[in-house]
Amino acid sequence: MFTHAITRLPGSDYTQGLTTSTLPAPDLTQALAQHQAYVRCLCSLGLTVEELPPAPGFPDACFVEDTAVVVAETGVITRPGAPSRRSESQLMAPVLGRHRSLVQIEAPGTLDGGDILQVNRQMFIGVSDRTNEEGARQLREILTPLGYACHLISVAAGLHLKSSLNYVGKNTMLVTQDFAGHSALNGFEILISPQGEEYAANTLLVNDTLIMPAGYPSTQKMLRGLGLVILTLETSEYRKMDGGLTCLSLRLSAPLP
Ligand code: CIR
């Protein structure tokens, strides 16, 4: 059960961040409005949201999810795969250090939080352009003794694992076609985001509510069929920078004593 979230406002240099998108550059005013709606939504679900100020010089810093992996027992400060983002995790360390004891991914390991999906005591670790084998190995060494079963998944499509694969509740994974047959997902029901709606696979489950991006009607219809409580949020200005719902926050449950 999440009780707390950490977010960071996009700064005036937001449009200078990394992206592979061919969409037009984002509009900062709209991005701020979408961020505000996102934070309001988390608050409405009962979370206390700690909103950090923009980090000048780090245009991708609003994508805080990539800077850490947080479980009830510990916080893992990552070493982001993109050199321009590497110092973002050092900005997060003192903030997360108020909630968890910290460990750190060390060079030559690289790891982005967007590649890590937690489902109860299972951890799915994407090995991607941003998270290398060594980063994945280090995370597994940290989490296995804590009782987490770690599954490595190679990410050949999309930026991060969670760009394409997310848990939506009811023992069900929402995935893009590329991940549908992966053996690490055995035991889960699989829903495939319809062609043309791949971006909608980036959904965010907060306690019993599923937040999904606005504008993906076929995916929404499919998820409603599961009887899920669904909220939608506009994410257009984050999509333009390869971001979405999961990457805009770090979610924390109550720490273990
Ligand atoms: C980047 O390329 O690193 C950012 N523009 C987007 C990061 C999105 N993060 C995420 O999905 N966890």
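These legends walk through a few close-up views of a predicted model.

**View 1. Where Ser-128 sits in the chain.**
Let's start with one serine. Ser-128 belongs to the loop that links strand E7 (122-127) to helix H3 (133-143). Is this residue buried or exposed? Ser-128 is buried, because its relative accessibility is 13% and the cut-off for buried is under 20%. For a sense of scale, look for Leu-256, which lies 128 residues away along the chain. The C-alpha atoms of Ser-128 and Leu-256 are 30 Å apart.

Setting aside residues up to four places away in sequence, Ser-128 touches Asp-115, Val-155 and Leu-159. With one of these, Asp-115, the serine makes a side-chain to side-chain polar contact of 2.7 Å. The Ser-128 side chain also reaches the backbone nitrogen of Arg-130, at 3.0 Å.

As for its location, the ligand sits in the second largest pocket.

A polar side-chain atom of Asp-60 is 2.8 Å from a ligand nitrogen atom. Glu-65 also brings a polar side-chain atom to a nitrogen atom of the ligand, at 3.0 Å. Met-241 takes part through its backbone: one of its N or O atoms lies 2.8 Å from a nitrogen atom of the ligand. On its own, the ligand would expose 350 Å², and the protein buries 97% of that area.

Our last stop is a leucine in another loop. Leu-47 is found between helix H1 (28-44) and strand E2 (48-52). Leu-47 counts as buried because its relative accessible area is 5%, and buried means under 20%. Which residues does Leu-47 contact, leaving aside neighbours within four places in sequence? They are Phe-2, Thr-3, His-4, Ala-5, Leu-42, Val-206 and Asn-207. Look for Ser-253 as well: this serine is 206 residues from Leu-47 in sequence, yet their C-alpha atoms are 9.5 Å apart in space.

Note on methods:
Residues are numbered from 1 along each chain as its sequence is written. This is a predicted model: local features need pLDDT of at least 70, side-chain atom pairs count only at pLDDT 80 or more; totals for chains, interfaces and linings use all residues. Side-chain values use heavy atoms; hydrogens and water are left out. Helices (H or I, at least four residues) and strands (E, at least two) are DSSP runs, numbered from the N terminus. Buried means under 20% relative accessible area, exposed over 50%, partly exposed in between (1.4 Å probe, protein chains only). Contact means heavy atoms within 4.5 Å. A polar contact is a pair of N or O atoms within 3.5 Å; within protein, one must be able to donate a hydrogen and the other to accept it, and residues adjacent in sequence count only if both atoms are side-chain atoms. Accessible areas come from the Shrake-Rupley method with a 1.4 Å probe; for residues, only the protein chains shown count as cover. On a 1 Å grid over the protein atoms alone, a cavity is a set of points where a 1.4 Å probe fits but cannot get out, and a pocket is an open set with protein on both sides within 12 Å along at least five of seven lines; lining residues have an atom within 4 Å of a point. A molecule sits in a cavity or pocket if more than half of its atoms lie within 2 Å of its grid points.
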